[in-house]
Amino acid sequence: MAPSNTSIKLVRNIPSGSPTLKDFKVESIDAPTKSSLKPNQVLIRTLYLSCDPYFRGRLTGTRDSY
């Protein structure tokens with residue numbers, strides 16, 4: 001089966017308020033397959049992803065965010 005394309009949104013910068021569309025960049029890449037792995041690489045499937053407000057403090061370098 002051929003790899004399918006996946007859209008990925010990457011943060012361009014850390015917003016100072018609520019994020020807007022210009023804070024993200026959309027890229028299209030080929031999805032990895034088992035056959036495309038190099039030695040000692042693994043392919044995982046994410047079942048759950050958490051995006052907590054805690055991350056904002058970690059991204060900005062703030063030590064006292066929580």
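Asn-40 counts as exposed, because its relative accessibility is 84%. Exposed here means over 50% relative accessible area, buried means under 20%, and partly exposed lies in between, with a 1.4 Å probe and protein chains only. Asn-40 sits in the loop between β2 and α1, the latter being residues 54–60. Its phi is near 70°, a positive value in a residue other than glycine.

A word on the source. This is a predicted model, in which local features need pLDDT of at least 70 and side-chain atom pairs count only at pLDDT 80 or more, while totals for chains, interfaces and linings use all residues. Residues are numbered from 1 along each chain as its sequence is written, and side-chain values use heavy atoms, with hydrogens and water left out.

Now the overall layout. The chain has 1 helix and 2 strands, in the order β-β-α from the N terminus. These are DSSP runs numbered from the N terminus: helices are H or I with at least four residues, strands are E with at least two. Of the 66 residues in the chain, 6% are buried.

Next, Val-11, in strand β1. Which residues does Val-11 contact, leaving aside its neighbours within four places in sequence? They are Asp-23 and Phe-24, where contact means heavy atoms within 4.5 Å. Val-11 and Phe-24 are 13 residues apart along the chain, and their C-alpha atoms are separated by 4.6 Å.

Last, confidence. pLDDT is the predictor's confidence in each residue, from 0 to 100. The chain averages 75, and 74% of the residues score at least 70. Confidence is lowest in strand β1, residues 5–11, at a mean of 65, and highest in strand β2, residues 24–30, at 77. Where pLDDT is low, the predicted coordinates should not be read in detail.
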